Structures are given as structure tokens and as C-alpha cells.
Amino acid sequence: MKGMIAKLTALAGALALSSAACAQDYDIALNNGRVIDPETGLDAVRHVGIRGDRIVTISETPLSGTRTLDVSGRIVAPGFVDLHAHGQNILSGRVQALDGVTTALELESGVLPVADFYERAEAEGRPINFGAASSWAHARIAAVMDVDPDADTYWFFRYIGDPRWQTELADDERLSAILRHISTGIDEGGLGIGILLGYAPGIGRSEYHAVNALAAARDVPTFTHARFLSAIEPQSSFEGFQEMVAVAAATGAHMHISHLNSISLSDIDRIAEMVEGAQARGINITVEAYPYGAGATGIGAAMFRGPDWRERMGGIEYSDFTVQGEPLDEERFHDLQENAPGTGIVVHFLNPDERPEHQAYLDRSILFPGGAIASDGGPWALGSDRLMGDVWPLPEEAHSHPRSAGTYGRFLRIYARERGVIDWPEAVAKASYYPARIMSDSVPQMRRKGRLQPGMDADIVVFDPETVSDRATFERPAQTTIGFDYVIVNGVVLVDAGELDPTILPGRAIRGTVASGAE
């Protein structure tokens with residue numbers, strides 16, 4: 001009997017050890033959080049087990065892992081996916097990680113050569129996932145100006161004040177060269193075609209149609225900055241959106257509209273109705289927006305030229321333009337436009353804090369059904385020098401648009417917590433699932449992102465819904481978002497208890513179907 005008891009005791013001990021081993025078969029366990037998965041509709045207290053770079057289980061009972069974290073009172077959500085991120089370097093990625101972003105893609109502008117972009121980024125390393133579209137603007141400048149493009153997102157700024165590439169029509173030979181450049185970029189992993197049409201509004205309609213026809217043939221999306229920025233017809237923002245709707249219908253290309261908020265001006269209601277009508281009739285159009293009433297670009301952009309451009313933008317003043325936080329006057333504006341057209345400016349086209357009708361315009365874009373939140377954020381600079389390389393922490397005097405640091409914290413704070421115009425699951429969807437879904441048809445890797453389910457990538461954010469908030473302002477943009485306790489990228493804890501770990505770079509390349517070899 002004693003021998004039997006001993007055997008049973010030993011067996012029970014072995015089973016207990018086996019059970020404990022199974023319970024700890026996770027690298028990371030996130031317990032007691034409010035888990036939100038926008039695709040399945042899950043919104044409940046659950047426990048998440050991570051092994052390697054994948055989510056292994058979503059459990060109704062607590063888990064144990066090599067590292068076990070109690071995230072009670074926190075929302076556990078898929079990592080945020082930014083479809084419009086121009087700051088493709090280490091510092092920009094670190095700042096965005098503190099804003100909940102785990103994947104940042106350069107799609108509206110794109111780059112060329114695409115292969116050089118990926119090679120440089122992988123050689124340097126990135127804190128968050130990265131990728132880029134093939135650039136129409138780079139291709140057009142290369143063809144018209146007879147130059148070799150550089151895989152720097154801001155390479156086209158060198159030519160931002162040159163009307164030749166912005167207005168000269170493309171004959172058959174030149175159009176073939178443009179399309180060839182773009183197609184090569186897709187072959188090299190480009191995630192679609194970025195089309196900065198608003199920076200070259202004088203180009204032919206047939207060229208824009210041909211670029212979208214190429215996208216349809218290659219089964220990739222296009223990402224368009226609309227042709228016009230004006231509340232006055234003809235050549236109005238409404239007309240620019242009509243062109244995008246017509247081209248999408250005619251070619252069958254997936255048409256993604258960049259920054260719906262800043263390109264629609266006061267005509268957003270009519271434009272939104274047009275886009276919703278096209279969607280309802282089966283046209284593949286998607287949109288994005290950011291929660292600010294100001295944009296940023298180069299002062300030499302075509303949209304700020306012409307005899308009546310200020311009236312077309314609703315009577316905008318020169319003082320609505322700032323350089324490093326300082327408002328411009330007419331003399332300074334024209335001096336920079338003439339002599340330094342690539343100078344970065346912030347342009348305040350809406351004032352939602354003081355004008356309720358402007359807040360309503362912004363809301364119409366932000367709350368567009370199925371629309372993504374995207375930052376349109378850029379790199380950071382000290383004076384006129386961009387901050388490149390392995391920089392941390394973010395210098396207090398660095399400047400950029402505040403959206404480069406605070407887009408998602410601002411969106412969550414204002415729209416979900418303070419105003420309550422959307423609930424937390426919808427807010428999470430707009431930041432993670434909707435942008436991933438926009439890319440999922442053409443980019444196989446994106447089918448595992450923006451979702452919190454077993455088998456999905458372990459790109460996860462854990463944030464406090466009561467405190468998550470942007471801190472970046474136009475006066476002091478170099479202030480990172482607070483409230484994100486943990487940001488996990490490919491199963492690696494990049495933000496730990498609210499602090500970013502600068503010793504790790506767990507980001508990976510996101511490539512298009514051709515280069516990834518996936519189907």
C-alpha cells in the first residue's frame with residue numbers, strides 16, 4: 001500500500017510539473033486585460049499567450065510564461081498600423097512606438113528605388129515594422145528631369161519648386177519610362193503605387209489613368225494625394241475626388257485616398273457623400289484621416305502657387321503658415337518659396353479648438369465609416385538638419401508636426417475618452433484592423449496584423465484608457481505620448497512599463513506579394 005501511495009504521489013507530482021510546464025509554455029503572458037479584437041468582435045477580459053513572434057492563445061483562464069504581466073485595467077489591442085508615415089528612420093519609429101504604432105508604411109509618397117529603401121532600412125534596423133510603395137513622383141521626376149532617383153522619401157523635395165515635372169505632359173515614350181520605373185519598384189517589393197498628384201496638378205489625366213491601370217494589372221493599390229486643394233470650382237477639391245472615383249471605377253484599381261481631412265477643406269460633407277456613394281456601388285475606395293487641423297509639406301508646393309491660391313483655400317493667411325513654430329509674413333513666405341522651396345512648413349487650414357464648424361469638418365473625416373487613422377507624420381529635425389541614425393532620446397528642441405508624435409494618443413483621448421463619439425472597440429479598429437484590412441488583399445503579411453487572435457503576429461499594444469494621451473503641441477512637438485504601458489513588436493517588448501528600450505530594433509520589412517513570395 002505504501003508503495004502504491006508513493007507511486008501515486010510521484011505520478012501526481014509529475015503531472016503537476018507537466019501541467020506547470022504547459023502553463024509556462026509562453027514567452028510572454030498578458031493576464032487580466034480587456035482584450036479587443038476588432039475582426040472577431042471580442043471585447044472581454046482575457047489572457048494572451050505569446051510564443052516567439054506569434055500569438056498562441058487567447059484564454060479565459062490566467063496564463064503563465066517566462067514573463068507574466070498583470071495588465072488589469074488596461075486595453076490589450078492589436079498594434080496600430082500607420083499607412084502614411086514619412087518618417088522612415090530609427091528615431092521616427094521610436095517616437096511612433098510610444099504612440100502605439102507597431103507598423104509604419106510610406107505609401108502616399110512611396111520611394112524609388114524600392115530595393116535600396118529596404119536594403120538601407122534592414123542594414124540600419126528599425127524599432128517597428130516598415131515598408132513603402134513604389135513612387136510615381138520619383139518616377140516622373142526621373143523621367144522628366146533625366147536624373148536617377150534616390151530612395152529617400154524626401155528626395156522629391158529637391159524638385160518641389162520646379163514646374164517642369166509638375167506640368168509637362170508625358171508623350172508615349174516618357175509615359176513608358178514612368179510606368180517602367182514604377183513597375184520595377186513593385187517587383188522589388190513595393191506595397192502599391194504612391195501618387196503625389198497634388199504636387200504636380202498640371203499633368204495629364206490620361207497619365208493618372210494609366211498609372212492606376214498599371215496598379216490594377218499588378219493587383220496593388222494606389223495611394224493618392226488628390227490633384228486640387230480648393231473650395232472653389234473649377235479645379236476644386238471636389239473635382240479632384242471626382243477624378244479619383246472615376247479612375248477607380250474605370251480601371252478597377254483599389255483607390256486609397258490619403259488624408260481625407262486635409263484635402264477636402266470645407267467641402268467634406270459633399271465629398272464624403274460622393275465617396276460613400278461610390279463605395280455603395282462596389283467601387284474599391286478606402287480612406288484615412290488624422291486628428292489635426294493643420295498639415296505639413298514644403299513651402300514650394302504647387303498648391304501654394306497661382307494668382308488666387310489663398311482664396312481657393314478659404315482665405316488662408318500667410319500667418320497660418322509656420323516654420324519651426326514661427327508664423328510667416330508675406331515677405332518671408334515669398335522669400336522662402338523663391339529661394340528655399342523645400343523648407344518644411346506647417347499650414348493651419350482648420351481651427352477645430354475655436355470654431356465648432358471646423359471641428360465638424362474634421363469629425364466627418366475622422367469618423368468616416370471604415371476609415372483608417374493615419375498620421376502623415378514626418379522625420380524630426382534640429383534646425384534645418386534631419387535627425388538620422390541611432391538617436392535617442394528625442395531632443396527637446398527637435399521639431400516636426402505634432403502628428404509625428406501624438407496622432408494615436410490624440411485620437412484615443414479626444415474621440416473615445418473625452419467626447420465618447422466612438423467606443424473603444426471602434427477606436428481600436430480604426431487604428432489597427434481597418435488599415436491592416438485595407439492592405440490585406442495585396443500584401444499577405446498584413447493578413448496577420450491588426451488582429452488579436454491565435455496565429456496572428458505578436459504586434460500588441462497595452463494601454464490605459466483613462467490616461468492615454470498625446471502631449472505634442474505645435475509649439476512643443478517633441479513630447480511623446482503617454483499611457484502605452486507595453487508595445488510588443490514581433491513578440492519583443494519594445495516599450496516596457498511605458499519606457500522605450502533603445503537597445504533593440506525588432507521591426508521587420510513588409511513587402512508586396514512579388515518580393516515576399518507569398519500568396
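Two strands count as paired when DSSP finds at least two bridges between them. With that in mind, a friendly place to start in this predicted model is strand E12, which spans residues 285–289. Strand E11 (residues 255–257) runs parallel to E12 and is joined to it by 3 bridges. Within this pairing, Met255 stands opposite Ile285 of E12. E12 also pairs with strand E17 (residues 372–373), again in the parallel sense, over 2 bridges. Here Ala289 has Ile373 of E17 as its bridge partner.

Because 5 of the 5 residues of E12 are buried, the strand is largely enclosed by the rest of the structure. In a regular strand, side chains alternate between the two faces of the sheet. In E12, Ile285, Val287 and Ala289 point one way, while Thr286 and Glu288 point the other way, and all are buried.

At the N-terminal end, H2 is capped by Asn89, which has a side-chain oxygen 3.4 Å from the backbone nitrogen of Leu91.

Finally, there are the nonpolar cores. The largest has 93 residues, and those with the most contacts inside it are Trp136, Trp165, Ile193, Phe241 and Phe304. Apart from this core lies another, of 34 residues, with Leu98, Phe411, Leu412 and Ala416 among them.

Technical notes:
Residues numbered from 1 in each chain as written. Predicted model: local features only at pLDDT ≥ 70, side-chain atom pairs only at ≥ 80, totals over all residues. Heavy atoms only, no water. Core = buried A, V, L, I, M, F, W, Y, C linked by side-chain atoms within 4.5 Å. Buried < 20%, exposed > 50% of the residue type's maximum accessible area, 1.4 Å probe, protein only. Helix = DSSP H or I, 4+ residues; strand = E, 2+ residues; numbered from the N terminus. Polar contact = N/O pair within 3.5 Å; in protein donor to acceptor, adjacent residues only side chain to side chain.
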